[in-house]
Amino acid sequence: MFFPQFRARRIRGSATFRRMVSETTLSVNDLIYPMFSAFGTGIKKEISSMPGIYQQSIENIVAEAKEVRDLGIPAVLLFGIPECKDAVGSDAYSDTGIIQETIRALKKEVPGLAVITDVCMCEYTDHGHCGIIKNGDVDNDSTLDLLAREALSHVQAGADMVAPSDMMDGRVGAIRDTLDEHGYDAIPIMSYAVKYASGYYGPFREAAESTPQFGDRRSYQMDPANRREALREAASDIDEGADIIMVKPGLPYLDILRDLRNEFDLPLAVYNVSGEYSMVKGAAERGWIDEERVVMETMTAFKRAGADIIITYHAKDVARWLAK
Ligand code: PBG
Ligand code: ZN
């Protein structure tokens, strides 16, 4: 088809035509909102690098979660900041831990909102790594037991879904076995299947107080240079029983998202991480970009690349903009 037979602009000429031929749709149903629950009362502390995002004690989490639900967002993803941290992250699997108490409050006071929990050790360990340290590195297999205990304790407290983010090998299988043994075979696992060792997590570590006290996470999180390895990571999590697989971070890894979409037919999630959020907020505050336009374009990019679910700190704004 040569010009002038094919004129791409014909179908772009009116808002109505553009609406008719739009290939990608974004819905409030696609969103998950992350929240940081802190030990104590009366706490609502803004993360300096994440305007609009707070560490909050339970009563404030509950209040914001109601707002989230009323905006039509189906789920929150919970992170906990415990009172005390230790070498084995005891608060992570304590029945009276910060997350367990938060889950119980949310299930009681915010019906209709799904509660998904991040399952990892780094918020609960004094060294800030995602597992148990042996010989200067995170030990894979001894960490699996703790992750399984942590996931079980979240579910016993009422979590609707668990989301392991630690990147230990075999953790989806270990969690699935433990949940099933305790009668929780109906609880889904959303696996951070493809999680890169990324500089974009910087602001989150302030939010979750989970900066590693030595070294970095490169011995367990993926090398940003690797694409084929992402398919292996995802395939193994699916084999072990993952119900939803995730790519993280989002924008710098749209190619990976598309690869996974083409290869697998499970629901696919993307995590639009803290650093991505901070960059947009920082530029918008300076008037350098149009925040609404850039955020909505970013959300559309995730959907276009193949995501079904978007975990994003922008979720409340996106819900409001969609409803306009
Ligand atoms: C914990 C965890 C991290 C994030 C989600 N779960 C940080 C990390 O691995 O260091 C990052 C989320 C974000 O940056 O928004 N393992
Ligand atoms: Zn971690």
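Hi everyone, let's begin with strand S1, residues 31-38, which is mostly covered: eight of its eight residues are buried. Please keep in mind that this is a predicted model.

Which residues of S1 lie on each side? On one side you'll find Leu31, Tyr33, Met35 and Ser37, and on the other Ile32, Pro34, Phe36 and Ala38; they are all buried, so both faces of the strand are covered.

Now let's look at the partners of S1. With strand S4, residues 75-81, S1 pairs in the parallel sense over seven bridges. If you click on isoleucine 32, you'll see it standing opposite alanine 75 in S4. S1 also pairs with strand S12, residues 309-312, again in the parallel sense, over two bridges. Isoleucine 32 turns up here too, with isoleucine 311 as its bridge partner in S12. Then there is strand S3, residues 50-56: two bridges join it to S1, and the two strands run parallel.

In soluble globular proteins, nonpolar side chains tend to be buried together. How many residues does the largest nonpolar core have here? It has 106 residues, and Met190, Val194 and Leu260 are those with the most contacts inside it. Helix H4, residues 140-157, gives the largest share of this core, with seven residues.

Let's zoom in on valine 194. Leaving aside neighbours within four places in sequence, what is valine 194 in contact with? The residues include Met222, Ala230, Ala234, Met246, Val247, Ile256 and Leu260. Glu233 and Lys248 are also in contact with valine 194.

Last stop: the zinc ion, ligand 2. Cys120, Cys122 and Cys130 coordinate this zinc ion through their SG atoms, at 2.2 to 2.3 Å. Along the chain, the donors follow the spacing C-x1-C-x7-C.

Why is the arrangement around the zinc ion called tetrahedral? Because the four donor atoms around the zinc ion subtend angles of 100 to 121°, and four donors count as tetrahedral if all angles lie between 85 and 135 degrees. For comparison, the ideal angle for four tetrahedral donors is 109.5 degrees.

Notes. Residues are numbered from 1 along each chain as its sequence is written. Chains are lettered from A and ligands numbered from 1 in the order in which they are written. This is a predicted model: local features need pLDDT of at least 70, side-chain atom pairs count only at pLDDT 80 or more; totals for chains, interfaces and linings use all residues. Side-chain values use heavy atoms; hydrogens and water are left out. A nonpolar core is a set of buried Ala, Val, Leu, Ile, Met, Phe, Trp, Tyr and Cys residues joined through side-chain atoms within 4.5 Å. Buried means under 20% relative accessible area, exposed over 50%, partly exposed in between (1.4 Å probe, protein chains only). Helices (H or I, at least four residues) and strands (E, at least two) are DSSP runs, numbered from the N terminus. Contact means heavy atoms within 4.5 Å. Donors are N, O and S atoms within 2.8 Å of the metal (3.2 Å for Na, K and Ca); water is not among the atoms, so sites may look incomplete. Four donors count as tetrahedral if all angles lie between 85 and 135 degrees; four count as square planar and six as octahedral if opposite donors are over 155 degrees apart and all others between 65 and 115; anything else is irregular. Two strands pair if DSSP finds at least two bridges between them.
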